[in-house]
Amino acid sequence: MTQQHLRRPGLRAAGAVAVIALAAAGCGTSARPRPDAISITTGACGGWWHLARPGWHTFTIRNSAGAGAEVNLVSPATGAIYAEIEGLGPNTSRAMSVNVGSGTYAFRCLIQDTDTITGPSVRVGGHQRGAPGIVPVTSQDLVKPASEYHAYVTAGLTVLVRQTQRLAADIRAGNLSGARSAWLPAHLTYERLGAAYGTFDDFDGEIDARADGLPGGVHDRGFTGFYRLEYGLWDGQSAAELTAPAGYLLHAVKGLQKAFPSMEVDLLDVGLRTHEILENALQFQLTGHDDYGSGTTLATTAANITGTRELLTILHPILASRYQGLPGVSTWLDRLSALLRAQDHHGRWTPVSQLSMTSRQQIDAAAGEALQVLAPIAVITEPRRT
């Protein structure tokens, strides 16, 4: 998985708790009351609003301040966020729809270059449950997980250097059968380092680049890394043809190992990659796109799941109290892993192109469900001002 295919979230993922669900076209007024106007100014947030009853409500948020703002509906007692709007420009309005339960609420405004403002607390009566609130995660909360992940990657790079050395040595010695056996373990080690790709800078392109977009495709001189060797090893190229690409890969891996101690894992990436690693696998591995001859993209997907699980383990103290759907994440990752293992025949993996229709449908369905339950984690773990 290469860095250019990873993306930061724009719109919030559907189904994420504490995610703002914008008013959908076609929703009748019988289902949701008329909007309540909420005004933001430089010195005030929310005003004296009230709701007659709990249930779905659509607020119209108007930013009358002179700068952009983020607006959250929160619990004044805990700071838990029930809904949010980001990037609300000056003199603009936007709808915020949320299922408001019985309890106490306030609007919290984070206006650019000003201190956070919390508006008056409003009590909504009754005994009705609404959307769950999520206690925001701060940058400080993510420092320890990022440090733990940095250590995980450091250990993985040590293994990767050793495995890549063996791969390159086999090619130099003309032992192409041994090189084919050495290629997969080394590549899978790299693929388990899922959250760090954005940290690797140009090294990722040198180590795990695809031939996509290169003028000469797989024959282009700019095609390097594991996929370059995979193509050559399974397409009948000679040791003489592969020695230079193998040496280049080893040089890049050693360079990454040397540079990584001074690199910092982006705090946003720690949670974001829990979804994007598998999303990338669905697009490039489970379609067979990244099969350059070895037929092992299902093994790569299994390695991606290992990387995802490592992130989930590190983030568990943060997620356990914030994400009610966390048990479902394990359920679907387990299901997907079992389906993939069924295609591992003593180290010989079934290529995607040779999967039965039933197996392919089951794998794709499990991957889709896993992605659905992983999606809210990026939103929950996004570091926020409080």
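Hi everyone, let's start with S75, which sits in the loop between β4 (69-74) and β5 (81-88); strands here are DSSP runs of E with at least two residues, helices are runs of H or I with at least four, and both are numbered from the N terminus. Please keep in mind that this is a predicted model, where local features need pLDDT of at least 70, side-chain atom pairs count only at pLDDT 80 or more, and totals for chains, interfaces and linings use all residues. Residues are numbered from 1 along each chain as its sequence is written, and side-chain values use heavy atoms, leaving out hydrogens and water.

Is S75 buried or exposed? S75 counts as buried because its relative accessibility is 9%; buried means under 20% relative accessible area, exposed over 50%, and partly exposed in between, with a 1.4 Å probe and protein chains only. Not counting residues up to four places away in sequence, S75 touches A80, Y82 and T104, where contact means heavy atoms within 4.5 Å.

Now over to L157, in helix α1 (residues 139-172). L157 is also buried, because its relative accessibility is 1%. Which residues does L157 contact, leaving aside neighbours within four places in sequence? They are L193, L256, Q257 and F260. Take F260: L157 and F260 are 103 residues apart in sequence, yet their C-alpha atoms are 9.0 Å apart in space.

Last stop, the lining of the largest pocket. Helix α2 gives the most to this lining, with six residues.
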